Amino acid sequence: METILDKIIAVKKKEVEELRGMEIRPASLEVNQRRSFIEKLERATDLSIIAEFKRASPSKGDINPNIDPSVQTKLYVDAGADAVSVLTDQTFFKGTMTDLTHVRATIDNPILCKDFIIDPIQIDRAKQAGADIILLIAAALDDETLNTLYQYAIAKELDVLMEVHNEEEAERVLKTNNRLIGVNNRNLKTFEVNLDVTEGLAPLIKNEGRFLISESGIKTTDDVKRVINAGANGILVGETFMRHESPRDVIKTMKIPLVEVMKR
Ligand SMILES: O=C(O)c1ccccc1NCC(=O)[C@H](O)[C@H](O)COP(=O)(O)O
């Protein structure tokens with residue numbers, strides 16, 4: 001059965017063909033400057049928060065479609081978010097690369113280009129728009145492509161968030177030297193979110209000394225405490241912040257100190 005990820009990747013293949021016909025100019029010096037999220041994680045004493053700008057999604061439809069990306073992400077950063085994720089996919093999430101460009105012009109924190117990357121040309125485009133972190137989803141890439149894209153991204157001084165959903169994917173990404181691993185709690189076949197996924201995969205990831213980001217379905221302080229106890233260094237939260245009338249208040253409650261033993 002075709003999954004949502006299969007559908008998304010089919011669209012990305014077409015987008016890559018279109019990108020090949022476009023000129024991707026090098027970013028300005030200011031945009032090109034390095035802002036490393038991994039370096040922030042090394043120094044972190046609190047849980048790190050990646051706050052996501054997400055207008056809509058395949059699982060939820062419209063979430064908050066008319067909101068301004070610069071205004072919303074400035075709120076996130078002022079409240080204490082360490083990094084911002086911008087969903088740049090248009091077809092399924094109603095995002096654009098222009099959103100990321102606007103956010104880059106507004107905040108100085110690291111920005112994750114949240115898209116479905118299958119080709120180096122998308123990395124060039126993300127970098128040109130001002131991204132500091134790119135996402136590589138293990139479920140969408142074979143080992144060779146995962147490695148090629150990883151090497152390409154780090155050569156461009158980008159951080160890479162490698163996303164996994166299960167043990168098999170976690171073992172594959174752990175064969176790379178990448179230090180930043182995201183565990184996505186959302187099942188891409190059923191859309192069910194379950195924090196058990198983070199709890200199940202955390203030992204594997206933490207035993208290898210990697211940074212762990214728990215992604216999706218995080219709504220309450222109890223959820224946050226649960227993933228910290230599992231060993232998460234950070235969380236990636238979209239819908240909760242996008243729907244909340246005061247993302248500032250909810251971010252502040254989620255910025256919880258990590259105990260030393262759980263930092264790495
Ligand atoms: O969110 C979806 O419906 C979705 C569907 C298919 C592929 C990816 C999807 N989401 C991307 C994400 O990883 C989330 O936006 C991110 O982890 C934040 O999740 P949440 O806090 O639950 O909005």
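Guide: This is a predicted model. Its strands β1-β4-β5-β6-β7-β8-β9-β10 form a closed barrel of 8 strands with parallel pairing. From one strand to the next, the twist averages 25°.

Visitor: Which strand does β1 join through 4 bridges?

Guide: Strand β1, residues 48-53, is joined by 4 bridges to β10, and the two run parallel. Within this pair, alanine 51 stands opposite valine 237 of β10.

Visitor: And how many bridges pair β9 with β10?

Guide: Strand β9, residues 211-215, pairs with β10 in the parallel sense over 3 bridges. Glutamate 215 has leucine 236 as its bridge partner in β10.

Visitor: Which way do the residues of β10 point?

Guide: Gly234 and Leu236 point one way, Ile235 and Val237 the other way, and all are buried. In a regular strand, side chains alternate between the two faces of the sheet.

Visitor: Changing topic: which residues are closest to the ligand?

Guide: The ligand is surrounded by 18 residues, and the closest are Ser57, Ser59, Glu215, Gly238 and Glu239. Both β10 (234-237) and α11 (239-243) supply at least two residues of this shell.

Visitor: How do the residues of the shell divide into nonpolar, polar and charged?

Guide: The shell has 6 nonpolar, 7 polar and 5 charged residues.

Visitor: One last item: which strands does helix α7 lie across?

Guide: Helix α7, residues 143-155, lies across β6 and β7 and runs at about 175° to β6. Strand β6, residues 133-137, is also joined to β5 by 2 bridges, and these strands run parallel.

Conventions:
Residues numbered from 1 in each chain as written. Predicted model: local features only at pLDDT ≥ 70, side-chain atom pairs only at ≥ 80, totals over all residues. Near = placed C-beta within 6 Å. Nonpolar A, V, L, I, M, F, W, Y, C, P; charged D, E, K, R; others polar. Pairing = 2+ DSSP bridges. Axes fitted to C-alpha atoms, helices over the stretch in contact; angles between N-to-C directions. Contact = placed C-beta atoms within 7 Å. Buried ≥ 20, exposed ≤ 12 C-beta atoms within 10 Å, placed from the backbone.
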